[in-house]
Amino acid sequence: MTRASLDKQPHEVASMFDRVAANYDLTNDVLSLGQDRVWRKEVAKAVGARPGQKVLDLAAGTATSSLPFAATGAYVVPCDFSLGMLQEGKKKHSWLPLTAGDATKLPFKDDVFDTVTISFGLRNVQDTDAALRELYRVTKPGGQVVICEFSQPTWAPLRTVYTEYLMRALPPVARAVSSNPDAYVYLAESIREWPDQPALAALLQKAGWSRVAWRNLSGGIVALHRGIKG
């Protein structure tokens, strides 16, 4: 199995990410034309971590996404279900408490974190509803969830160009820079199949989150969703 199928069997997805771990950060930088750095800065602003707060960074991969939270003085837990990603992250950021965990069965107690956040990982979880409920469970009352995920461009011409890029340009670029280019074909397909902004907001509300809102980045290529635990 070189590429996970869209039914998202956890062992297949984890294995796929294990194989791309070595060049994952570089590949993302190239494929997003550097935009992933901009998106992660917006996530850090939305999270607004402060000293002493506890932040769960789910689908943290190599923990690059956790660094802005740690820099504020918050206690951040990078969590991922790919051991290959975590091992790569441990080489680079050995001082962070990298933790293995499945988004649908998190290894944390109830009401622990001030903020739970997941960037570009929710669509790879087998059961989105279960993951959103788990995020709710481990968040303190009054705490927040911040989700950064690929979404649907709001301008029709951009949506057309973007879809063409995903399905035609992304695979050959991935072949040039990735250790497992087939994985990026799966990622392109999973982006195309993912719910749009209002649909994801509805899933958040269904899981119990209140004051759900979203903000588009890069014309809706990416959306930042936010919710509060009442």
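Residues are numbered from 1 along each chain as its sequence is written. In this predicted model, local features need pLDDT of at least 70 and side-chain atom pairs count only at pLDDT 80 or more, whereas totals for chains, interfaces and linings use all residues; side-chain values use heavy atoms, with hydrogens and water left out.

We may start with the chain as a whole. The protein chain has nine helices and seven strands, taken as DSSP runs (helices H or I, at least four residues; strands E, at least two) and numbered from the N terminus. Of its 230 residues, 51% are buried, where buried means under 20% relative accessible area, exposed over 50%, and partly exposed in between (1.4 Å probe, protein chains only). The chain exposes about 10,200 Å², with carbon and sulfur atoms supplying 56% of this area, as computed by the Shrake-Rupley method with a 1.4 Å probe. Among contacts (heavy atoms within 4.5 Å) with a separation of 6 or more, 67% link residues 24 or more positions apart.

In soluble globular proteins, nonpolar side chains tend to be buried together.

Strand β1 deserves a look of its own. Four of the five residues of β1 are buried, so this strand is largely enclosed by the rest of the structure. Strands count as paired if DSSP finds at least two bridges between them. β1 pairs with β2 in the parallel sense over five bridges, with Lys54 opposite Tyr75. β1 also runs parallel to β4, joined by four bridges, and Val55 has Thr115 as its bridge partner there. Beyond its neighbours within four places in sequence, Leu56 is in contact with Val77, Cys79, Leu106, Phe108, Phe113, Thr115, Val116, Thr117 and Val138.

A last stop is His93, in the loop between α5 (83–92) and β3 (99–100). His93 is buried, with a relative accessible area of 10%. Leaving aside neighbours within four places in sequence, the contacts of His93 are Thr62, Ala63, Thr64, Leu67 and Leu98.
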